[in-house]
Amino acid sequence: MTQLISAGDHYSRDHRLGAVCEFNGVDVYAKYNADVYSFEPSDGELSTDYALKTSGSGFNLWHSKFGSFKLEIGFYVGGQDKRDLKQNVNKLIVAAKQCVIRYGDDFGFEFDCVLESYEVEFTGIEWYDDVVLTFAAVRRDKIDVTKTSNTTTSVKFFNEGSKESGLKITALSSSTISNFKFMYLIDGEWEEVKIDQLKANLPFTLDGIEGKVQENGINAYTRSNLINFPKAYPGDNQVKFSSAVKATVEFYPTYEI
């Protein structure tokens with residue numbers, strides 16, 4: 001903790017003790033005088049559906065899915081006086097409501113977060129509050145993008161993540177193609193999504209990241225027979241197309257904890 005100093009020179013003499021922490025690319029120490037003293041990811045959620053085999057010698061696992069986990073971050077938030085302190089605390093909490101967090105000591109990962117609760121307590125030192133923020137969080141790498149320079153009917157890519165995540169596929173053709181199909185694996189089975197027409201020079205996207213079907217950025221869900229949005233599974237992946245197109249595939253490598 002920085003030693004007690006007068007209000008007038010607080011910002012000139014105060015200095016960061018913890019690692020750099022960013023909310024949506026904003027350094028929270030530089031913006032809100034919020035210095036990290038603890039950064040603690042906890043165990044995640046897991047939902048399963050299984051049954052004991054008739055033989056009693058093992059299990060049938062029907063469904064297993066990893067969810068979010070808890071992330072708790074502790075800050076010492078300072079101000080040149082009590083009013084300035086409370087302004088900084090309030091701004092930090094508002095910025096935390098929904099954000100992507102990057103933390104300097106965490107190996108280059110990022111955390112997509114939603115704030116679940118917060119606690120604020122005066123430290124007894126003028127003027128610093130102890131602020132603890134608790135998030136529901138998903139750990140991921142920065143978005144992975146594979147883009148073909150030439151037309152192709154197949155794109156292969158590798159997912160370094162340890163759990164499945166949404167996959168965004170975009171197809172672009174220089175000529176109009178009727179009854180165009182996207183093909184991708186869902187739980188080991190090939191799924192075909194047909195659209196009525198892939199129009200010339202208009203990108204058509206099946207967006208499993210945001211849950212959208214779009215043509216050139218405009219909603220086109222009703223022009224497809226989509227049931228399951230595409231996913232990127234850990235390890236090797238492949239998407240196919242019924243005709244040769246230029247293609248882009250995007251996903252976040254995602255992790256359990």
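I will go through the ring pairs, then a cluster, then the charges over rings.

A word on the source: this is a predicted model.

The structure contains 13 aromatic pairs. I will take two of them.

Start with Phe39 and Phe111. Their ring centres are 5.5 Å apart and the planes meet at 65 degrees; the cut-off for edge-to-face is over 60, so this pair is edge-to-face. Where do Phe39 and Phe111 sit in the chain? Phe39 is in strand S3, residues 34-52, and Phe111 is in strand S6, residues 110-122. Phe39 and Phe111 are both buried.

The second pair is Phe109 with Tyr255. Here the centre-to-centre distance is 5.1 Å and the angle between the planes is 75 degrees, again edge-to-face. Phe109 belongs to the loop between strand S5 (98-103) and S6, while Tyr255 belongs to strand S18, residues 254-255; the pair therefore ties together parts that are 146 residues apart in sequence. Buried or exposed, for Phe109 and Tyr255? Both are buried.

Now the cluster. Phe39 and Phe111 come back here: together with Phe69 and Tyr103 they form one aromatic cluster.

Last, the charges. Phe109, besides pairing with Tyr255, has Arg139 over its face, 4.9 Å from the ring centre. Elsewhere, Lys240 places its charged end over the ring of Trp190, at 4.4 Å from the centre of that ring.

That is what I have; questions are welcome.

Terms used
Residues are numbered from 1 along each chain as its sequence is written. This is a predicted model: local features need pLDDT of at least 70, side-chain atom pairs count only at pLDDT 80 or more; totals for chains, interfaces and linings use all residues. Side-chain values use heavy atoms; hydrogens and water are left out. Rings of Phe, Tyr and Trp (its six-membered ring) pair if their centres lie within 6.5 Å; planes under 30 degrees apart count as stacked, over 60 as edge-to-face and the rest as tilted. Helices (H or I, at least four residues) and strands (E, at least two) are DSSP runs, numbered from the N terminus. Buried means under 20% relative accessible area, exposed over 50%, partly exposed in between (1.4 Å probe, protein chains only). A charge sits over a ring if NZ of Lys or CZ of Arg is within 6 Å of the ring centre and within 35 degrees of the ring normal.
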